[in-house]
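Hi everyone, thanks for making time.

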Amino acid sequence: MMNPVMPEPCTILDVHKESEHEWTFRVASDACPAHGQFMQLSIPKIGEAPISVSAQGEGWLEFTIRSVGKVTDCIFSKEPGDMLFLRGPYGKGWPVDEFAGKHIVVITGGTGLAPVRSMLRRFAEKPEYVKSVHLISGFKNEEGIIFSGDLVKWKEKFAVTYALDTDQKEGWRTGFVTEFVKEIPFDEFQGGYAVVVVGPPPMMKFTGLELMKYNVDPEKVWMSFERKMSCAIGKCGHCRIDEVYVCTDGPVFPYTTARDLVD
Ligand SMILES: Cc1cc2nc3c(=O)[nH]c(=O)nc-3n(C[C@H](O)[C@H](O)[C@H](O)COP(=O)(O)OP(=O)(O)OC[C@H]3O[C@@H](n4cnc5c(N)ncnc54)[C@H](O)[C@@H]3O)c2cc1C
Ligand code: FES
């Protein structure tokens with residue numbers, strides 16, 4: 001019987017520096033994750049980290065990683081041709097089937113764009129799948145901008161608001177993503193919408209509260225969570241919050257559950 005937690009060695013095909021601390025690693029893999037799922041990336045004798053799949057294609061997956069510690073720093077020392085160990089995909093991703101034919105609002109903060117990137121790419125390739133996409137993406141400053149190429153392409157396909165927290169940049173707004181929620185024409189959507197929110201916990205908390213001010217239905221809002229994990233298959237309890245296992249019940253949750261998970 002196959003061991004469900006046995007990592008597989010996979011070759012790094014490409015490393016793209018999105019920003020100083022956020023790099024995208026393209027890795028050879030035949031895995032077919034759903035949009036919003038994550039994989040466990042590991043380096044022998046160093047450790048393992050859950051990372052969302054930020055894009056996928058035939059025979060490859062991309063992971064956009066922020067170097068913050070032991071495992072991620074070690075991954076940053078790798079080059080094309082080196083090996084990474086992968087297991088997964090794990091968790092519940094975005095309910096993309098439910099999104100079909102709806103107006104989709106996506107609100108992200110910083111690297112929170114990574115877990116929605118593969119879904120946005122799909123919507124850009126197949127615009128007829130949804131009625132419209134409104135994307136609000138915020139970054140701390142210009143140095144923190146990731147996926148610059150995608151951001152330019154999405155301008156042509158979606159209604160976009162790109163923002164920096166306090167800095168000025170031509171074609172960009174200045175302010176937190178929460179400030180632009182009021183500009184989304186929810187009244188025009190006649191109930192046929194879904195909202196996706198990903199970012200640091202305070203950003204998700206305040207974006208959720210802002211959405212509620214405009215009478216957005218909490219059951220139509222989805223958020224993705226990052227928690228410390230170990231097994232990623234619902235066995236060890238590392239990711240547990242009360243009765244919820246983030247690794248198997250999530251990482252994507254409806255706001256009705258997510259609002260109790262936001263610290
Ligand atoms: C479902 C899921 C998807 C994720 N997707 C991405 C992604 O696409 N890109 C990305 O860069 N990161 C992602 N993360 C976060 C990533 O897993 C952590 O940053 C990573 O595990 C840190 O490992 P490390 O050994 O480098 O850092 P460590 O040396 O273990 O810790 C460095 C710091 O990061 C914190 N940390 C450690 N693990 C986590 C964790 N799982 N979640 C949040 N904080 C943590 C620690 O408390 C410490 O402050 C995701 C996490 C989850 C649970
Ligand atoms: S990480 Fe082990 S139960 Fe979720």
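This is a predicted model: local features need pLDDT of at least 70, side-chain atom pairs count only at pLDDT 80 or more; totals for chains, interfaces and linings use all residues.

Okay, let's start with helix 5, where the buried residues are Met203, Met204, Thr207, Gly208, Glu210 and Leu211. Why do they end up on the same side of helix 5? Because they cover an arc of only 165° around the axis.

How far does helix 5 reach from its first C-alpha to its last? It spans residues 201-213, so to speak 13 residues, and reaches 19 Å, close to the 18 Å expected at 1.5 Å a residue. And what do its buried residues pack against? Strand 8 (103-109), strand 12 (193-198), strand 13 (221-224) and helix 7 (255-258). After helix 5 comes Asn215, with a positive phi, near 60°.

**A strand that's covered on both faces**

Next up is strand 9, residues 132-139. Eight of its eight residues are buried, so strand 9 is largely enclosed by the rest of the structure. In a regular strand, side chains alternate between the two faces of the sheet. Here, Ser132, His134, Ile136 and Gly138 are buried on one side, and Val133, Leu135, Ser137 and Phe139 are buried on the other.

So who are the partners? Strand 8 pairs with strand 9 in the parallel sense, over seven bridges. If you want one to look for, Thr108 has Ser137 in strand 9 as its bridge partner. Strand 10 (residues 159-164) also runs parallel to strand 9, and six bridges join them. There, Gly138 has Ala163 in strand 10 as its bridge partner.

From strand 9 it crosses through helix 4 (residues 148-157) to strand 10, in a right-handed β-α-β crossover. Strand 8, helix 3 (residues 114-125) and strand 9 also make a right-handed β-α-β unit.

**One phenylalanine in a loop**

Last stop: Phe189, in the loop between strand 11 (173-174) and strand 12. Is Phe189 buried or exposed? Its relative accessibility is 6%, and buried means under 20%, so Phe189 counts as buried. Leaving aside neighbours within four places in sequence, Phe189 is in contact with His103, Val105, Ser132, His134 and Ile184. Also, Phe189 and Lys102 are 87 residues apart in sequence, with 8.3 Å between them in space, C-alpha to C-alpha.

Notes
Residues are numbered from 1 along each chain as its sequence is written. Chains are lettered from A and ligands numbered from 1 in the order in which they are written. Side-chain values use heavy atoms; hydrogens and water are left out. Helices (H or I, at least four residues) and strands (E, at least two) are DSSP runs, numbered from the N terminus. The expected span of a helix is 1.5 Å times one less than its number of residues. Buried means under 20% relative accessible area, exposed over 50%, partly exposed in between (1.4 Å probe, protein chains only). The arc is that of the directions from the helix axis to the C-beta atoms. Contact means heavy atoms within 4.5 Å. Two strands pair if DSSP finds at least two bridges between them. A crossover is right-handed if, with the strands pointing away from the viewer, the path from the first strand over the helix to the second runs clockwise.
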